[in-house]
Structures are given as C-alpha cells and as structure tokens.
Amino acid sequence: MGNEQADRTGLDVTTEPAGPVLLREPAEGTPPVIADASALAEACARLAAGSGAIAIDTERASGYRYWPKAYLVQIRREGAGTILVDPIAVAGDLAPLRAVLNDAEWVLHAASQDLPCLAELDLRPATLFDTELAGRLAGYERVALGTLVELLLGYQLEKGHSAADWSKRPLPVDWLNYAALDVELLIPLREKLEAELDAQGKLEWARQEFETVRTAPPPAPRAEPWRRTSGVHKIRSPRGLAAVRELWQARDELARKRDRAPSRILPDSAIINAVTADPKTVEELQALPVFGGRVQRRYSANWLRHLQAARALPASALPAPAQPTDGPPPVNRWADKDPDAAARLAAARASLASIAEHHRLPVENLLLPDLVRRTCWRPPADLSSDAIAAALAAGGARPWQIELTLPALEKALHAAAS
C-alpha cells in the first residue's frame, strides 16, 4: 500500500506538505452496520470469497458498561472490503461468521484486548498476527496503531472515538468511519512489520509470541479486586479497609445488575471519601462530595448500611493490611532480607538490559520482570543450564527467550553479595 492509497476515488483526505495523509473516511465509503441474519450471510459470502489474512477489531463500551462485550466487530479482507457487524443484534446468527473466521489467520492490534470479547462470541483465530506486539519486537518505542500507520505507511488516522459509548444505537457516521479505518490499513501494516521482523531475524520470535497470546487462558479472577480501588493506599486501618470492601462490593453488585461501569455507579474517590469521613447518618453522608447529588441521594441508605456493616464486623473478619502474595517481597527490601538474592537480581537486570539493547527489544519483552524476580529470589536448587531453562519454561518463557537469555541468567544466578 503506497502513495496510490491517497488517490483512491472518493477518499476524503487532508494533506500537509511533506506530511502524512489524513484519512477521514474509508476507501469505499462508510460501511453499513450489519444487524440481521440475511445481511450477515451476504457479508460472510464476500469474506469467504476474499483472500489472505483477515483484519479484525472490536469496539467495547468500557467506562459505560459493566460487561466488556463487543458492541461492534470490524472485519476486512482483501477482495471483500470492510464489514461492520453489530454482534448484539445478530447474536443468535453468528454461525456463518464463525465458519469464515475461525479457520483463518487474524490480524489485530493489541490482540489481548480484543480476543476475550470475541471468544465470548465463539470467534477464535486459527493463527494470529499482532501488529502492536510486532512493533515492540521490531524495536519501535511507540506502538499505538496510529503511530505505526504514520511511520510505516504514511497515513494519519483520525482520533477521537476510542473511549465512546459503543453501546449507543444508532452509531453516528463519524464513529463508523473511525471504526472502519481501524482495520483498513491493518493488512498492509502487517506486511511491513513482517518484512521488518524477517530482516531483523525476529520473525520466529514474533510467531512464538503471537501463539502465546492466541492460546492464553482467561486470567484468573483476582482474589481481592476491591484492593484496586484508586486511593485505597490512604486507608491504613483494617476496619477502614473493610469499609472500602463493603462499599466496593455493594457498588459492584449494583453495577452488574444495571450493566453500568462501576465508576458511573459510584466513583472510587467517593468510596475513599466516605470511608475517611466515616459518616454516621444519611445526612452526614449526603454532605460529602458526590453523595449529595440527585441520583446518589436515592442510594444513601444503601451506602450507609454497608458502612455500618463494616463497623460491626468482628476483628477476625477484617482484611489484612496488605494482600497476601506468593511472590517475592518488594525489591527494595531484598538487600536486608537476602543480600545474595539482591546481587543475583542486580546482575540479571544488567545483563538482560544489555541483551535487550543489543537486539532493540523492550526488556520486558525479553523476559517478564516478574519471572526474573522470582527466579532470582528462589533459583532452582540445581543451577545447571537445563534446570534453569526448565524453570524459565515453567514460568512461561518462550523458547526464543530462553535461548537468548539463558547464558546471562545462568551467570547472574551464581552472583553473591560482596
């Protein structure tokens, strides 16, 4: 895809001298949103007649809805054009789409964000190419889709709707143009990145990474998700933490029932303010920011009831000051707790940083930092190459990562405090 893209009939572009071409709408115009079985069947026939990999993206309603489902699925394939599917409207008629997509290679940007909601629709790729991950492995410091498209293809994608409420119906035309453009250039971007990875000798590394993303299981539920409440670090006492937990759980239950983002039910800041102020009456609660609003006043008695429940808990039911973890302690405590472990980690970090710089890789893509910390804190009893390689593999390291880092890591694990 070269400069001829700018000459496409009907393409609305704005060009600055020697700058990227700004794309405002798709090459073939704004695609209609497919919302019934017959239109989907026709679109799937076009997809099946197309050729090559299939570019896919989704739009969710994060920040508006509780469930992270897809409210729009964008699909593009050579010979088929761009197809926009409303998966809510055609939820019971997706079999034709599965028949086309599930045997194909998909091209996505930041695939781990889209694959879960597509899997809910029973849409799963046979193979995968992730342009964001490819950009990281190729050595690009900035890997947003718009940035890579501008750098490698010379086009600028109009921004502005990524955080929109995609559950809205009907979807505005400018939103649909934005969504369609997100897949319009994915295939040529993939071709550029694949060629670059091949030239750098990293294509096999990328394939291993893509397969790991494709086959990753759903993340395990967090044991205590309420601890991620923004500002919870301000709450020091176990009783206060119990109050945060009570309000968080009450908010989460209401958000689930109403399918609204929890922050739209009650902001984190309001939870922390309520716990800090510790109101004893509805009037005291409503005097706090947010709680005095028209909508919140209806729920005041409910929020107060949960604050009172936290006050009544026995000491044995209060949460611990910090969440239990099976990992090593914070790194800043290693020197006191285990100086040899601190020496191992320092040596490993220095070596891995050097390897990453040499290969133009982010060090976190070379080897997961958590795996490095765990390995340095509790190395295998047998420090042979085979034992260390087995420990890395058990921790999720890919073969290319083990091959690249094993000699340096083996040396680092023999380091000791001076």
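## Cysteines

Is C376 buried or exposed? In this predicted model, C376 has a relative accessibility of 0% and therefore counts as buried, the cut-off for that class being under 20%. C44 counts as buried too, because its relative accessibility is 4%.

A disulfide is a covalent bond between the sulfur atoms of two cysteines. A search of the whole structure finds 0 disulfides. C44, accordingly, is in no disulfide, and the nearest cysteine sulfur to it, which belongs to C117, lies 17 Å away.

## Helix 16 and helix 18

The buried residue C376 also takes part in a helix contact, being one of the residues through which helix 18 meets helix 16. Helix 16 covers residues 339–358 and helix 18 covers residues 369–377, and their axes come within 8 Å and cross at roughly 140°. The two helices are therefore oblique to each other, and their crossing is right-handed.

On the side of helix 16 the contact is made by A341, R344, L345, A348, R349 and L352, while helix 18 contributes V372, R373, C376 and W377. Sorted by class, this contact holds 7 nonpolar and 3 charged residues, with no polar ones.

## Helix 8 and helix 20

A second pair is formed by helix 8, residues 203–215, and helix 20, residues 399–412, which pack at an angle of about 125° with their axes 8 Å apart. Helix 8 and helix 20 are therefore oblique to each other.

Here W205, Q208 and E209 of helix 8 meet P399, W400, Q401 and L404 of helix 20, and the residues of this contact divide into 4 nonpolar, 2 polar and 1 charged.

Key:
Residues numbered from 1 in each chain as written. Predicted model: local features only at pLDDT ≥ 70, side-chain atom pairs only at ≥ 80, totals over all residues. Heavy atoms only, no water. Disulfide = S-S within 2.5 Å. Buried < 20%, exposed > 50% of the residue type's maximum accessible area, 1.4 Å probe, protein only. Axes fitted to C-alpha atoms, helices over the stretch in contact; angles between N-to-C directions. Helix = DSSP H or I, 4+ residues; strand = E, 2+ residues; numbered from the N terminus. Parallel < 35°, antiparallel > 145°, perpendicular 65-115°, else oblique. Left-handed = near helix turned anticlockwise from the far one by under 90°. Contact = heavy atoms within 4.5 Å. Nonpolar A, V, L, I, M, F, W, Y, C, P; charged D, E, K, R; others polar.
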